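Hi there,

Here is the structure I promised to pass on to you. Have a look at it first, and then read on for my notes.

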Amino acid sequence: MLLTLTAMALAAAGVNADSVVGRWQTQTRGGVVEIQKCGNSVCGRILTSEKLRTNPALTDQNNRDPKLRNRPLKNLLILQGFSQDGAAWSGGTIYNAEDGKTYSAKLTPEGADTLKVRGCVFVPLCKTQTWTRIR
């Protein structure tokens, strides 16, 4: 019953699985990520950040794989592998270019203009950011 009420409340607020599609301002470092549909899933790329605005040629220098350290950060795929989970997307990954590591992730829309992005080393070691839609 609680699940049904939650689903009805989200539907009334205009929240559905496609609510994650769009451009999002990250909570830190002035990042902008574009999330789009990728087949039956969603994926996201870095469009810009404070550091990229200063140096658009930045590369993925902290990647754990030395072969990938020369790839550009601009347009780098950082969100992928998600499965629809009601109005949310779970089971995916988020890549953190600052430490060169990939974490399990879940994307949960909260209203039309807010996205909760949770990354976990493993549950319960998680961190959640609130991203804001750019219109």
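Below is what turned up, starting with the charged side chains.

Please keep in mind that this is a predicted model. Searching the whole structure gives six salt bridges. In one of them, the side chains of Arg 23 and Glu 34 meet at 3.6 Å, N to O. Arg 23 belongs to strand 1 (residues 22-25) and Glu 34 to strand 2 (residues 32-38), so this pair ties together parts 11 residues apart in sequence. Arg 23 is partly exposed at 42% relative accessibility, and Glu 34 is partly exposed at 26%.

Arg 133 and Asp 113 meet at 3.5 Å, N to O. Arg 133 lies in strand 9 (residues 125-133) and Asp 113 in the loop between strand 7 (101-109) and strand 8, so the pair ties together parts that are 20 residues apart in sequence. For Arg 135 and Asp 113 the N to O distance is 2.5 Å; here Arg 135 comes from the segment after strand 9, so the parts tied together are 22 residues apart in sequence. As for accessibility, Arg 133 is buried at 16%, Asp 113 is partly exposed at 32%, and Arg 135 is exposed at 73%.

Now the rings: Arg 71 lies over the face of Tyr 95, 5.5 Å from the ring centre, while the count of aromatic pairs is zero.

Finally, Val 121, Phe 122 and Leu 125 form a nonpolar surface patch with about 310 Å² of accessible area together. Val 121 is in strand 8 (residues 114-122) and counts as exposed, at 56% relative accessibility.

Best wishes

Definitions and conventions:
Residues numbered from 1 in each chain as written. Predicted model: local features only at pLDDT ≥ 70, side-chain atom pairs only at ≥ 80, totals over all residues. Heavy atoms only, no water. Patch = residues over 30% accessible without salt bridge, like charges linked within 9 Å, V, L, I, M, F, W, Y side chains within 5 Å. Areas by Shrake-Rupley, 256 points an atom, 1.4 Å probe, with all protein chains shown as cover. Salt bridge = Lys/Arg side-chain N within 4 Å of Asp/Glu carboxyl O. Helix = DSSP H or I, 4+ residues; strand = E, 2+ residues; numbered from the N terminus. Buried < 20%, exposed > 50% of the residue type's maximum accessible area, 1.4 Å probe, protein only. Phe/Tyr/Trp six-rings, centres within 6.5 Å; stacked < 30°, edge-to-face > 60°. Lys NZ or Arg CZ within 6 Å of the ring centre and 35° of its normal.
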